[in-house]
Amino acid sequence: MEEKTSFLKNKIDFDSPNKNIMPITSSIDNEGKLRIGGCSIEELVKKYDSPLYILDETTLRNSCKAYKKALERYYPGESLPIYASKANSSIFMSSLIASEGFGLDAVSEGELLTALKGGVPTEKIVFHGNNKSDKEIEFAVQNNIKIIVDNDHDLKRLEKISNFLNIDLEIMVRFTPGIECHTHEYIRTGSFDSKFGFGLEYLKTLFKVISHTKHLKLNGLHAHIGSQIFELDPHKDLGEIMVNVILEAKKYGHDIQELNVGGGLGIKYTQEDDPPSIDEWVKTISFSVIKACEKNKITFPKLMCEPGRSIVSTAGVTVYKIGAFKEIPGIRTYLSVDGGMSDNPRPITYQSSYSACLVSNPLNLNSRNKYTVAGKHCESGDVLFKEIELSDCNTGDLICVFGTGAYNLSMSSNYNRIPRPAALLVCNGEADIIQKRESPHDLLKYDVLPNRFIKQS
Ligand code: LLP
């Protein structure tokens, strides 16, 4: 796909950052160079080297505020937005979302620990996962963290623990609502054929089983239908389906007080993308829950949602340095950068498209050339852009890729023993490190050479 960098001329939507390609503080300085959060990208790379992940605090906070504001505006009952920390988990992100009044969703002991270190209140954390370990379940119970029961295995262990400790445990259950949506099949989770959650057809049995336990109190339902979704109808349907499940649970004596509708709102990665705003998404889901509750004369449950990508993706960029060029006459010119599939596995995994520009010429002025932007890994598919239009550039120039705040650092690897980039936070002309750059030596930390391989001198 052809990418154009004319996006700097786009009108910026400050209220719904997911509708922009770039962080909302992006600007061009007097020398025509890119700045984000008031910081010169060129200066940051001089100081912190490349590749570099950068997060813009203003964009992050505006995204959080948009969810909060819309929930307060459209939903008359209690509500809580929960950040899906798989999108980008760090002590910094946990601390930021806690300061915005958000809860957090975690799927491992590592994400739970990060949330606690960042100061997210335990009562605002939920614990997901289709294969939680015993240790993880115990950790969550000890820390008073709400567990989202995904399957019978979870249920049996929680029943055992609650009986052993002789304490009541509030639980939520996750089910698959049978909703199809148009997104990549790897990130579609709400259809019947999914590894997550209980099938709709099993819920009656499940409600019966839970009502026979001594200490498990079912007080919430969860469903998540997928990610990077641009349609509103699937979430409209979801609200209604969930309220119907509340009614079904009631027949078995369960008083459901919490509905968690998952995340999924898409963001604008390229000019062709046109996601709904955060306001529209929250309004759709709120109205559908309100309508179904009024129709069935039930009180409004506490409404929770779990955005990940739409909180953090647009706030993030990755800056790379250009190295080698290889022209294959009549075919293409490869331009190689100093990172690739280890810091951004999304293009090779989902064929995802991004937008990018040269840091020294963001408007793409002067002559235009088509390039294929390759990463430095030993894999032919390590290509960040199949084709992108950039003005004249040379070895040593910087390229900034937008929309990389979500599912980049959190899905990064050390393939080819390449260290992870540093991550910075920018705001009002100041930059702070939020994750240190790894060094090749760090990567040796967990290697062990068996004694008999160590040469005796
Ligand atoms: N809640 C649950 C239970 C989830 O599984 C997810 C994402 C979310 C919330 C947040 O969804 P979001 O608002 O970010 O769409 N690695 C893929 C995305 C995987 C999403 C996994 N679950 C990617 O890079 O596109």
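Leu203, Lys204 and Phe207 in H7 meet Val245, Glu248 and Ala249 in H8 (contact means heavy atoms within 4.5 Å). The model is predicted: local features need pLDDT of at least 70, side-chain atom pairs count only at pLDDT 80 or more, and totals for chains, interfaces and linings use all residues. Residues are numbered from 1 along each chain as its sequence is written, and side-chain values use heavy atoms, with hydrogens and water left out.

The residues of the H7 and H8 contact divide into four nonpolar, no polar and two charged. Here Ala, Val, Leu, Ile, Met, Phe, Trp, Tyr, Cys and Pro count as nonpolar, Asp, Glu, Lys and Arg as charged, and the others, Gly among them, as polar. Helices (H or I, at least four residues) and strands (E, at least two) are DSSP runs, numbered from the N terminus. Helix H7 covers residues 203-211 and helix H8 residues 233-250. The two pack at an angle of about 45°, with their axes 10 Å apart. H7 is therefore oblique to H8. Axes are lines fitted to C-alpha atoms, for helices over the stretch in contact, and angles run from 0 to 180 degrees between N-to-C directions. Angles under 35 degrees count as roughly parallel, over 145 as roughly antiparallel, 65 to 115 as roughly perpendicular and the rest as oblique. The crossing of H7 and H8 is right-handed. A crossing is left-handed if the near helix is turned anticlockwise from the far one by less than a right angle, and right-handed if clockwise.

Helix H5 (residues 134-142) takes part in a packing with helix H6 (residues 152-165). Their axes come within 11 Å and cross at roughly 50°. H5 and H6 are therefore oblique to each other. H5 passes H6 in a right-handed crossing. On the H5 side, the contact is made by Asp134, Ile137, Glu138 and Val141. H6 supplies Asp154, Arg157, Leu158, Ile161 and Leu165. Five of the residues in this contact are nonpolar, none polar and four charged.

H5 also packs with helix H4 (residues 109-117), at an angle of about 25° and with the axes 10 Å apart. That angle makes H4 roughly parallel to H5. The crossing of H4 and H5 is left-handed. Glu109, Leu112, Leu113 and Leu116 of H4 meet Lys135, Glu136, Phe139 and Ala140 of H5. By class, the contact of H4 with H5 has five nonpolar, no polar and three charged residues.

The structure holds one cavity of 30 Å³ or more. On a 1 Å grid over the protein atoms alone, a cavity is a set of points where a 1.4 Å probe fits but cannot get out, and a pocket is an open set with protein on both sides within 12 Å along at least five of seven lines; lining residues have an atom within 4 Å of a point. Grid points are joined across faces, edges and corners, and a volume is the space filled by probe spheres set on the points. The largest cavity has a volume of about 100 Å³. It is lined by 14 residues, and Tyr53, Leu55, Asn88, Leu409 and Ala423 are the closest to its centre. Strands E4 (52-56), E14 (316-328), E20 (422-427) and E21 (430-435) each supply at least two residues of the lining. E4 gives the largest share, three residues. The lining has eight nonpolar, six polar and no charged residues.

The second largest pocket has a volume of about 390 Å³. Of its 15 lining residues, Leu409, Ser412, Arg420, Gln435 and Glu438 lie nearest its centre. This lining divides into three nonpolar, five polar and seven charged residues.

Two backbone features complete the description. The peptide bond from Ser50 to Pro51 is cis, with omega near -5°. Pro51 lies in the loop between helix H1 (41-48) and E4. Lys297, a residue other than glycine, has a positive phi, near 55°. Lys297 sits in the loop between helix H9 (278-296) and strand E13 (302-305).
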